[in-house]
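New notebook page. I'm opening this one up to see what the model shows.

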Amino acid sequence: MSDTLAHPKAGQATKRLFIKTYGCQMNVYDSERMADVLRPLGYAPTETPDDADFVILNTCHIREKAAEKVYSELGKLRVLKEARGEAGQGGMTIAVAGCVAQAEGEEIMRRQPAVDLVVGPQAYHQLPELLTRTARARGERIGADFAPVDKFDALPAARGGDGVTAFLTVQEGCDKFCTFCVVPYTRGAEWSRPVAAVLSEARALADRGVRELTLLGQNVNAYDGEGADGKPSTLARLAYALADIPGIDRIRYTTSHPNDMSDDLIAAHGELDALMPYLHLPVQSGSDRLLRLMNRKHGRQKYFDLIDRIRAARPDMALSGDFIVGFPGETERDFEDTMDLVRRVHYASAFSFIYSPRPGTPAATMAAQVAPEVAKARLHALQALLLEQQTAFNESQAGRILPVLFEKKGRHDAQAIGRSPYLQSVHVDDADHMIGQIVPVEIVSGQQNSLAGRLIHSQAAHLQQRGAVSQATGAPSSSEAP
């Protein structure tokens with residue numbers, strides 16, 4: 001990489017960078033770090049690809065439609081790139097990054113000649129070098145065959161942007177090999193960042209004003225990064241260390257696997273105030289037969305027992321999950337088992353999808369693929385139940401006093417939007433002066449997707465808030481019949 005490219009001269013025109021992110025929160029984190037890597041080259045973010053010198057599509061390969069959306073977007077970018085060239089407005093470099101890039105790099109270059117380079121999820125730290133080489137010859141493809149430690153070691157220490165919340169990747173990859181999932185093939189084996197590296201980045205974020213961290217990983221609760229003693233740590237011990245950093249008041253993590261919910265992590269939820277009472281714990285199906293076909297390596301009763309242990313440690317724990325309907329061979333009985341599981345667990349929120357076959361995964365070649373119209377009807381029924389539970393959970397917060405971390409201004413004058421401990425969006429009038437602070441808020445009402453509240457200023461409210469946060473929600477034990 002040339003010095004001129006890495007360090008623009010004074011007065012050099014700023015280059016414009018547009019990144020479109022698909023998929024999970026880890027992709028959001030990766031997009032932020034791509035912007036960090038490119039900032040020393042003179043790239044500043046722009047809100048639209050229309051005036052961008054460099055466009056990156058950071059992709060997700062979890063579902064078929066997500067990949068097709070990328071190809072559709074590339075078609076639009078090709079037209080824009082050609083129009084800019086014809087108008088003499090300068091060139092546009094187009095890159096595809098992330099999991100679709102890793103899985104379909106050669107196909108992308110074949111289907112869309114406008115693409116200049118393809119970068120796998122473990123190689124985006126090489127973007128500066130790739131840009132230099134792409135200026136000489138199109139067609140560079142860099143995959144994910146790099147150790148993640150190489151990527152993190154190469155990233156700049158300083159982080160751009162601002163805000164009071166931030167994502168922090170601590171673990172990557174997956175060794176579970178669920179039969180429906182491409183992640184082990186696109187992100188590689190499980191790998192955890194050393195504790196010292198995570199704490200260093202967290203301190204830098206705290207110095208920038210971040211108060212809430214969301215720890216990211218494909219299986220984040222499998223975290224086993226090297227500790228100060230040279231031995232593997234756990235996510236629980238990492239959470240305690242992060243909570244000791246001045247300014248870091250809240251810690252969340254996602255996404256978890258039921259088989260990696262260790263005893264010390266469950267205990268931490270009951271002991272560590274900074275660890276928020278909200279847990280995303282995907283189960284995918286309530287049918288033991290389908291869980292075996294999915295290679296989940298746990299059954300429904302183990303999931304129920306785990307939920308009961310978590311709620312015993314933290315009675316007010318709000319749960320989120322992932323569900324797949326229409327998995328190959330799913331019967332009405334299998335689907336009803338999923339509905340029964342949802343009724344017994346009571347979710348505060350959830351994500352649900354129709355099964356999408358991904359090339360190269362075992363499930364893609366399984367017999368008895370479910371008819372699309374059947375899968376769609378089941379999805380509608382499941383989502384109606386999940387929405388009912390989510391709305392009921394939000395409505396149940398009315399009358400409580402919750403500590404809210406205010407993040408940004410709302411739509412109305414003086415309004416501010418924050419997050420409750422349960423990750424709900426909270427809208428409060430006359431609170432824009434509270435952005436960046438955690439303050440007690442009386443919840444006036446709960447709606448389908450958010451809460452409305454008002455500020456409380458008295459010392460009595462502070463005392464009440466501390467008691468209210470530890471109250472149980474009253475949800476029945478998951479081992480009880482509905």
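What pLDDT does the protein average, and what share of the residues score at least 70? I found an average of 85, with 84% of the residues at 70 or higher; pLDDT is the predictor's confidence in each residue, from 0 to 100. The model is predicted, so I note that local features need pLDDT of at least 70, side-chain atom pairs count only at 80 or more, and totals for chains, interfaces and linings use all residues. Numbering starts from 1 along each chain as its sequence is written, and side-chain values use heavy atoms, without hydrogens and water.

I looked at residues 1-12, where pLDDT stays under 50. The model has 13 contacts for them beyond four places in sequence (contact means heavy atoms within 4.5 Å). Residues 458-464 are also below 50, with four contacts beyond near neighbours in sequence.

**Cores.** Next I checked the largest nonpolar core, which has 73 residues. Such a core is a set of buried Ala, Val, Leu, Ile, Met, Phe, Trp, Tyr and Cys residues joined through side-chain atoms within 4.5 Å, buried being under 20% relative accessible area with a 1.4 Å probe, protein chains only. Leu213, Leu215, Leu238, Leu242 and Tyr347 touch the most other members. Helix α8 (residues 195-207) gives the largest share, six residues; helices are DSSP runs of H or I, at least four residues, numbered from the N terminus.

I followed Leu215 too: beyond four places in sequence, its contacts include Leu168, Val170, Leu235 and Tyr253. Another core, of 21 residues, lies apart from the largest one and includes Ala52 and Tyr71.

Terms used:
Buried means under 20% relative accessible area, exposed over 50%, partly exposed in between (1.4 Å probe, protein chains only). Helices (H or I, at least four residues) and strands (E, at least two) are DSSP runs, numbered from the N terminus.
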